[in-house]
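Dear colleague,

Please find below the structure that I am handing over to you. My notes on what was found in it follow directly after.

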Amino acid sequence: MTEDDGVDDEHDGDLLTIGAFAARARLSAKALRLYDRMGLLVPDHVDEVTGYRYYRPGQIERARLVALLRRLDMPLARVAEVVRADGPEGAGLLDAYWSGVEARLAGQRTLADYLRGRLSGRSSGMDGKFVVETVDVSGRVVISETRHTLADELPAWIGASLERLEEAARGCGGVTAAPFVVYHSEVSEESDGPAETCVPVADEAAARAWCEERGRAWQTRVRVEPARRLAYTRITKAQVAYPQILAAFAAVEEWIAAQGLTVAGPCREVYFADWEAAGPGDPVCDIAFPVS
């Protein structure tokens, strides 16, 4: 007899065997063992001799909650946070998770539209989704970090790097324009760039002194970014996520070709908004290419 046997059996009065509990909770015994290991749903009693698990009927509601949250494709670690929280707090955690799902789906929908047109041999259809314009930017001194990084590591590195550079800029006359990220080569799941984070600063001499004293650990340097004309499109926070951001890059490249212009430098992302305060639908970033 295995632990799964005895679906209708009870033990010590109200306690249910794993088979009986699984049937009432509409879960498999395999899932219950996993939830036990994760600490999500621990048996009320484990027989020291046989190792069999026994549950209380009162645990059924929690088991069903776990099962329903998993139907939302919520990772087990997030499920654990929700079920361990009080009711209103758990609802708030669920809202935060679902907002992220909807933001990701919105961005992926844009990428899917682009790929559908590309695969079918028709226009990608990006003209109606991204408005492309040009802007002339003046030359500026920037303090920057360069790193070889894959796509999954990129967001965390960009955030940490820009935070370091903006802190440094406070001692270099302050930040004079929106921070940006330059891609000197492709960054994807297979290609690691490099990418360069840049923060424009007011005092070139102070910036060079800071790099000499403290910047070596992060491959920090100071350089002069020349005046450029940029072709760009503005995207929302939801659209920044990889891989859906690729559709925005493609839209700008298509527009440049259609206008008879030439790409004159590496592409970039210009972050002009408060990332933490922005919602999924708020504009936060310009996808830009230098053109001539």
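A network of salt bridges links E196, R221, R223, E225, R228 and R268. A salt bridge is taken here as a side-chain nitrogen of Lys or Arg within 4 Å of a carboxyl oxygen of Asp or Glu. By this rule there are twelve salt bridges. In general, side chains of opposite charge can pair when their charged atoms come close.

Please note that this is a predicted model, in which local features need pLDDT of at least 70 and side-chain atom pairs count only at pLDDT 80 or more, while totals for chains, interfaces and linings use all residues. Residues are numbered from 1 along each chain as its sequence is written, and side-chain values use heavy atoms, with hydrogens and water left out.

Strands (E, at least two residues) are DSSP runs, numbered from the N terminus. E196 is buried, with a relative accessible area of 0%, whereas R221 is partly exposed, at 39%. Buried means under 20% relative accessible area, exposed over 50%, and partly exposed in between (1.4 Å probe, protein chains only).

E196 also forms a salt bridge with R223, where the closest N and O atoms are 2.9 Å apart. R223 lies in β9 and E196 in β8, so the pair ties together parts that are 27 residues apart in sequence. Both R223 and E196 are buried. In a further salt bridge, the side chains of R228 and E225 meet at 2.8 Å, N to O; R228 and E225 are both buried.

The strand pairing around E196 also deserves a description. Strand β8 (residues 195-201) pairs with β7 in the antiparallel sense over four bridges, and E196 stands opposite V182 of β7. Two strands are said to pair if DSSP finds at least two bridges between them. β7 also pairs with strand β11 (residues 268-271), again in the antiparallel sense, over three bridges. In that pairing, F180 has V270 of β11 as its bridge partner.

In a regular strand the side chains alternate between the two faces of the sheet. In β7 (residues 180-183), F180 and V182 point one way and V181 and Y183 the other way, and all are buried.

With kind regards
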